[in-house]
Structures are given as C-alpha cells and as structure tokens.
Amino acid sequence: GAGRTLRFAATNTPMLPGLVGRLRGVLPDLTVSVSSVYSSADIVDQLEEGSLDAGVAADYPSLELAHSDRLAHRGIVTEPSFVALPARHPLARRVEVALADLASEAWFMTPDDGAGWPGVFYAACETAGFEPAAVHEFLGDQMQLQEMIADGLGISMVQATLRALPGVVIKPLIGTPLWCRYLLVWRRDRLGDDVAEALFGSATAAYRTLIARSAHFQAWAAGAYKTKTGH
C-alpha cells in the first residue's frame, strides 16, 4: 500500500544505483531507505534482528551465506572476479592473465566481509603457488582505488562489470579461479511477494545493463561460452 518504507542495504556492488532506480519506477509508492553495509554477515545480522527489511549480500562457492528461517534469499548472479591493472602494466595487452604471473605484485585488498573474503583470494593464490608479496588493506570508493592503480601503486581484484577509468585495464584470470555470488536476502514477515519480485527483477535488469556497458565482460563471456561448447 501507499506509504510503505523499505529499509534496504547493499554490499559493495555496481548494480546498486540501477537497482534502486528501477525499483522506484516499478513501485513509485514505496519509499526506499538505502544503507551501504560492506560486510555481508552484517547485512544478515541486521535482517535477523529486524533493523533491515531486505538487502543485497555476497557469498562464494561452497561458502553459502547462512541464515535462519525468518529470512529468504534468491541468487541474482554468480560472476567471475577480474583483476584491475595499470594500463602500462607488462601484462595489460593480454586477453587473460594468469594469477601466478601476479605473484610479485602489491595488492589492494578489501577487508573481511564475513562471508569468506579475502580467504577465497588467498586460497586461490596458494593453489597458484604463491603468497602475495604485499597487501594494502583498502575500503574506499572505486574511483579512488582505480586512480591508485593507474598510478602504479598496486593492483586489485574487482567486479567483472566494473567500468575501467583511463589508465586502468580490467582483465579476466585464466581458469577463472575466483567467483562471487550476489543474492537478494529479505525478511519473510516484512516483504510481500510483490516487493520481493520487484526487487529481484530490478536487480537482474540492473546487472544486464552493467553487462551491456562492459566490453571486457562480454569478451570473457564469449570466450567462456566457446570453451564450454567446443566451438
């Protein structure tokens, strides 16, 4: 009904602006109160205690986010994790980059998200045969991160659909050793089917728009599809 307020939180994802904009178009009578919450575990905790109604969280293969029966969830997308390099990096012209070839690099690393990051990153590095030479913990906006990468101060794992700034290139990793799932999580007693469906539809539409704007993601997807089908 008119006058409803949705208390909504999202972890670090470029789909958030498009999601909220589309939701307002679909449900114009719904007031959306948006919070940025980095930790997916914190989003689940706030949903469980009732201070949030819904959120977008993240988890990783074999580390599915746990919650009580008070909550429901629905996967939005499982995407590969890419790496952002300075445009002048020796590997910048490659179509794909091997994680092992980045062993000597300094990494910008976001902190523990309560869902498995950065443990999954360090596990992938160990599988590739190395331990990162240097790690700088960073939790700031993506523009600042990319400016530091462009200046050659380090490299970083990033979302596959992130738009690169001048001086930065975004590359897939050979073998796709890292994946991240984004999921919609909500309180069953606070969201009706209409709002849950509108949220999910808005999220998937926002993600499709990100894909349409991301040439590096499209190139990876075309190559991955050819590899899987043998064509």
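Contact, as used in these legends, means heavy atoms within 4.5 Å. The model is predicted, so that local features need pLDDT of at least 70 and side-chain atom pairs count only at pLDDT 80 or more, whereas totals for chains, interfaces and linings use all residues. Residues are numbered from 1 along each chain as its sequence is written, and side-chain values use heavy atoms, with hydrogens and water left out.

**View 1. Surroundings of Asn12.** Asn12 lies in the loop between strand S1 (5-10) and H1; helices (H or I, at least four residues) and strands (E, at least two) are DSSP runs, numbered from the N terminus. With its neighbours within four places in sequence left aside, Asn12 is in contact with Gln142, Gln159 and Tyr182. Asn12 counts as partly exposed, at 34% relative accessibility; buried means under 20% relative accessible area, exposed over 50%, and partly exposed in between (1.4 Å probe, protein chains only). Between the C-alpha atoms of Asn12 and Ala134, 122 residues apart in sequence, the distance is 23 Å.

**View 2. The largest cavity.** The structure holds 1 cavity of 30 Å³ or more. Its lining comprises 26 residues, of which Asn12, Thr110, Trp117, Met157 and Gln159 are the closest to the centre. On a 1 Å grid over the protein atoms alone, a cavity is a set of points where a 1.4 Å probe fits but cannot get out, and a pocket is an open set with protein on both sides within 12 Å along at least five of seven lines; lining residues have an atom within 4 Å of a point. The space in the largest cavity is about 440 Å³, a volume being the space filled by probe spheres set on the points, which are joined across faces, edges and corners. S4, S5, H4, S7 and strand S9 (179-187) each supply at least two lining residues, and S7 gives the most, with 4 residues. By class, the lining has 15 nonpolar, 8 polar and 3 charged residues; Ala, Val, Leu, Ile, Met, Phe, Trp, Tyr, Cys and Pro count as nonpolar, Asp, Glu, Lys and Arg as charged, and the others, Gly among them, as polar.

**View 3. The largest pocket.** About 370 Å³ of space lies in the largest pocket. Among its 20 lining residues, Pro14, Thr161, Leu162, Arg163 and Leu210 lie nearest the centre. Helix H1 (16-26), helix H4 (142-150), helix H5 (193-212) and helix H6 (215-229) each contribute at least two residues to this lining, which by class has 10 nonpolar, 7 polar and 3 charged residues.

**View 4. Helix H4 and its buried side.** Leu145, Gln146, Ile149 and Ala150 are the buried residues of H4. They lie on the same side of H4 because they cover an arc of only 135° around the axis, the arc being that of the directions from the helix axis to the C-beta atoms. Strand S4 (71-86), strand S5 (106-109), strand S7 (155-159) and strand S8 (168-171) are included in what covers these residues. At the start of H4, a side-chain oxygen of Asp141 comes to within 3.1 Å of the backbone nitrogen of Met143.

**View 5. Ser156 in strand S7.** Ser156 is found in strand S7 and counts as buried, at 4% relative accessibility. Its side chain reaches the backbone oxygen of Phe108 at 3.2 Å. Not counting residues up to four places away in sequence, Ser156 touches Phe82, Val83, Ala84, Trp107, Phe108, Leu145 and Ile149.

Definitions and conventions:
Polar contact = N/O pair within 3.5 Å; in protein donor to acceptor, adjacent residues only side chain to side chain.
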